[in-house]
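Visitor: I would like a close look at a single part of this model. Please take me through it step by step.

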Amino acid sequence: MLQVPSSLAGLLSLLAPCFTQPSFQTFSLLMVGFVGRVRDCTVTGMLQAAGLAGEWHHSRAHDFFAYRRWDPDDLGLRLLDFLVSVFVKTGAPIRLAVDDTLFGRSGRRVWGAHYLHDGAQPEGSGRRTRWGNCFVVVVLVVELECLGGRQVGLPVLFRLFRPKDEAHPGRASQPELARGLIDMVLERFPLRVLELVMDGAYASKAWRGLPDRVSVTTRMRSNAAVHELPAAQRQPGQMGRTPLKGKKLPALAEIAKTAVFRTVTVRSPDGRTRTAHVHELKCLWYTPFHTRPVKVILIRNANSKKDFDIALASTDSDVSAPELIARYDSRWTIETAHQEAKAHGVGEARNRVQKAVQRTVPFGFLTQTITIAWYALHGNPETDLNERRRQAPWYRQKTTISYADMLTALRRELIRQDFWAQAHPTTTTPKLTQRQTPPAILAA
């Protein structure tokens, strides 16, 4: 049976209050098995990788996901408390990215599975509509020193999405599920400033009524309806209620044709820069943000022949355009988190009952977050990077470690701990005998 290293046990102890004592032991060893499993990260695969095959009955592992009392939301919020305290500077905004991803499944009896669009599949592959479970994911975006200041997304909160149908017309949409998760974070951090970044598919009415300390930066659809800000004062003799919005503005494409673009330099956290041409305007995007003013940024890339390439909208209207563009760029960390999760076993479990389906994927995501947090605290990036370059000298563009390198380092630590556990005990105060002289030996 694999042993939990002390460095990892300290992280896992933060989550112990979410379990009973037997369930916490099961959680810890299954997480070790998930990390140590190289392929087929099924529930029994975790059991085998943890060295528990033949020690535990496999039903103990399956029951942990299907029947035991624990909540992924509690785990995510406790882990978020720790991540914010360690990796987010005091008083700095908490940046969260929101998106969803589909995990392909097989079998009609898998709970919560539907035919859904899978944007992660290549266009034209014929697999962009798949049968599976779709999870809405919230990640914490942080900059880690072990990555040279590069941003990374740490998955913390999750919700299974099920589309509406005639039998269930009241099911929540993906933006509504995301809003519920963000509300949990707002309740957890009542005094902190939050920065939300999301794709244009999430720009909906679900984000109305957010507190002023929460800003949303998202991509705009090309047919987005924008309006002028309402008049500050009522006109003399004006009848009826005060208008909530001003005159409707032309379409974004029409605005771009006559707009004056200026050149800005966008700097990413890793130090790289790029040039873009932007045009800014302040208006209302009434559908998703109601009467809250937004800053709209029309972006045209260098050497582009289009009127504009992308449009962003942010409720943080006092921030400059380069900063908002860099903020939206950090949304890509959630795409990377999804890709790394699927490449290293998340979603490969074959369970079918409701609680197991709802909790196995979050378990894998949280294991990914714990692995990154462990490496940021105890890893040796310089040594691992040099070793990787020695093994693959053709990989010249590699300047920082990846999640695969972090996972390899944690696996080495598990193997090292396993060898120490099997080694014979040695005393620290050996008994030394006085060296005998040849005459004494002959006399004996």
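Where is the place of Arg292?

Guide: The model is predicted. Arg292 sits in the loop between helix 8 and strand 9. Its side chain is buried or exposed by a simple cut-off: buried means under 20% relative accessible area. Arg292 is buried, yet it has no salt bridge. The nearest side chain of opposite charge belongs to Asp212, 4.7 Å away.

Asp212 still meets Arg292 in another way. The backbone oxygen of Asp212 lies 3.4 Å from a polar atom of the Arg292 side chain. Now the wider surroundings. Leaving aside neighbours within four places in sequence, Arg292 is in contact with Leu210, Pro211, Asp212, Val214, Ser215, Leu284 and Thr315.

The loop that holds Arg292 also holds His290. Helix 8 spans 286-289, and strand 9 spans 293-301. His290 is not a glycine, but has a positive phi of about 55 degrees. At 26% relative accessibility, His290 counts as partly exposed.

Definitions and conventions:
Residues are numbered from 1 along each chain as its sequence is written. This is a predicted model: local features need pLDDT of at least 70, side-chain atom pairs count only at pLDDT 80 or more; totals for chains, interfaces and linings use all residues. Side-chain values use heavy atoms; hydrogens and water are left out. Helices (H or I, at least four residues) and strands (E, at least two) are DSSP runs, numbered from the N terminus. Buried means under 20% relative accessible area, exposed over 50%, partly exposed in between (1.4 Å probe, protein chains only). Lys and Arg count as positive and Asp and Glu as negative; His and the chain ends are not counted. A salt bridge is a side-chain nitrogen of Lys or Arg within 4 Å of a carboxyl oxygen of Asp or Glu. A polar contact is a pair of N or O atoms within 3.5 Å; within protein, one must be able to donate a hydrogen and the other to accept it, and residues adjacent in sequence count only if both atoms are side-chain atoms. Contact means heavy atoms within 4.5 Å.
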